[in-house]
Amino acid sequence: MSIRRCTGFAVALLLSLTPARDLIVATMTGHMLVQIPLLLLSGFLISEPAPVYVRSTGLNPGGAPGLLLTAAIITMWMVPRALDLAATSDTIAHFESGTLLAGGVMLRHSWRRAGAIGQAFFVGNLTWMAAVAGLLLRDAPVRVCTTYLVRDQLYAGTGLLLLATAIGVRWVTTWLALPSARTNPAVSSRMVNSSNGKRLRRIVHGRTQPLIASASADVSGERLINLRVTRGRVLGE
Amino acid sequence: MSRSAQVARGAIGLTAAVLCSVILLSWATDGMAVLTTDAARARRVLRAPVAVPSVSVRSSSGTEHEVLRDLTRESTAWTSSNPGSVRPRAVIVDFVYTRCITVCGALGGVFQVLQRNIEERGLQDKVRLLTVSFDVAHDDPRSLALYARVHRANSEIWSLVTPVDTSALAQLLRTFGVQVIPDGAGGWVHNAALHVVDPHGRLVRIVDMADGEAALRAALEAWDAVP
């Protein structure tokens, strides 16, 4: 098991089954900006991108169903009532952990398959919604959660706004950087990782070109989706 | 897999994802109707009234007292000043703690206005007010009496009680959907609202604490509804 997976499992266990959870969800900021994102992330780390056993079922065409359900799960845990329920009931807390882990797994399964358009739709919608939710939390004249203090609500709203902005900006800059990869020799391995199979072919003009070229000779078009470039080595998954 | 089978499977996957999404979001928002716990609570009560549990309370006059259910039914024991045949009134209930300097003071003000309305419109035979303190440890009859005096409570209309122990309190808070959390400075924060209990002792409506007029209207409706 890779380090990435171990980390995913460790974080998931820590956040769902130990007293650390109670500490984190004791504040609204911890709940919305630590617990929920980390659970999603650990689900993401646990799984592998577009595994064959998922693709072969044909139930997740273009990653659309996976991304849709993940978006619904993230949206659901932004509802103040759902936060209250998860903070006060152990059963609902486990339900929360389960759905968010599943969301992270589905996100990983669907991300590369969704392509640039699908990804843009997903990120655009969620960051927009989170930013609006953050603004509403900051401006709400009353407490929206019966479990959390109004001061905490202000912090959580601000944090949500910042997080959404950061993700949005990061996404847009990645997006803008991709076409220029053709002329920019310093294509980072990260960028290759975050792109889907089709784009992978297009950015081989950078420094990574020979690596990709030699690797793509060995794999068919379908397998190319799972190519990863790590520290100058090409790995086919 | 043939092309058509692929499309069919894709459609199944997408439909399942849409269905699951709708189910999850409906669960969180009580059927796409509410976003907050308070709103969900008010909605549930409106659809299905909840019987107020029988718990022991202590009143501002110091009498350790029958159960709240009896209180809302106005048993002869409670309204000793009235003959036993008095027709039970609807009750508007709020929850406070007397050391509170923020929302409870405002609630006291709302109740003061309500009391004046009841007096001026001659509704004292139909509607009464009940303040429940959740500060079981601190709010003894003296504190309650002080709170009553500060807000000029008319004992014929407005009574003040505190549950005798924490288990009685927990039962009450659960029924009324009130959540009390520490404010980090020695006090508490709680969701404040006006709860309307009908003459049968059933919680029938929860309205915003700023909307005393709506609470009064709901209380009168509840009183009218009882033959």
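**Note on the predicted model: confidence, ring pairs and backbone angles**

1. Chain A has a mean pLDDT of 81, and 75% of its residues reach 70 or more; pLDDT is the predictor's confidence in each residue, from 0 to 100. In residues 180-237 of chain A the pLDDT is below 50, yet this stretch has 80 contacts in the model beyond near neighbours in sequence. A contact means heavy atoms within 4.5 Å.

2. On conventions: this is a predicted model, in which local features need pLDDT of at least 70 and side-chain atom pairs count only at pLDDT 80 or more, while totals for chains, interfaces and linings use all residues. Residues are numbered from 1 along each chain as its sequence is written, chains are lettered from A and ligands numbered from 1 in the order in which they are written, and side-chain values use heavy atoms, with hydrogens and water left out.

3. Over all chains, the structure holds 11 aromatic pairs. Rings of Phe, Tyr and Trp (for Trp, the six-membered ring) pair if their centres lie within 6.5 Å; planes under 30 degrees apart count as stacked, over 60 as edge-to-face and the rest as tilted. A:Trp77 and A:Phe95 are an edge-to-face pair, with ring centres 6.0 Å apart and planes at 65 degrees. This pair links distant parts of the chain, 18 residues apart: A:Trp77 lies in the loop between α5 (64-76) and α6 (80-88), and A:Phe95 in helix α7 (residues 90-139). Helices (H or I, at least four residues) and strands (E, at least two) are DSSP runs, numbered from the N terminus.

4. Buried means under 20% relative accessible area, exposed over 50%, and partly exposed in between (1.4 Å probe, protein chains only).

5. A:Trp77 also forms an edge-to-face pair with B:Trp27, at 5.8 Å centre to centre and 65 degrees between the planes. That pair crosses between chains, reaching B:Trp27 in helix α1 of chain B. B:Trp27 is partly exposed, with a relative accessible area of 29%.

6. Elsewhere, ring pairs link A:Trp111, A:Phe122, A:Trp171 and A:Trp175 into a cluster.

7. Most residues other than glycine have a negative phi. B:Met32, not a glycine, has a positive phi of about 60 degrees. B:Met32 sits in the loop between α1 (3-28) and α2 (37-47) of chain B and is exposed, at 52% relative accessibility.

8. B:Arg152, also not a glycine, has a positive phi of about 50 degrees. The loop between α5 (141-150) and β6 (158-163) of chain B holds B:Arg152, which is exposed, at 63% relative accessible area.
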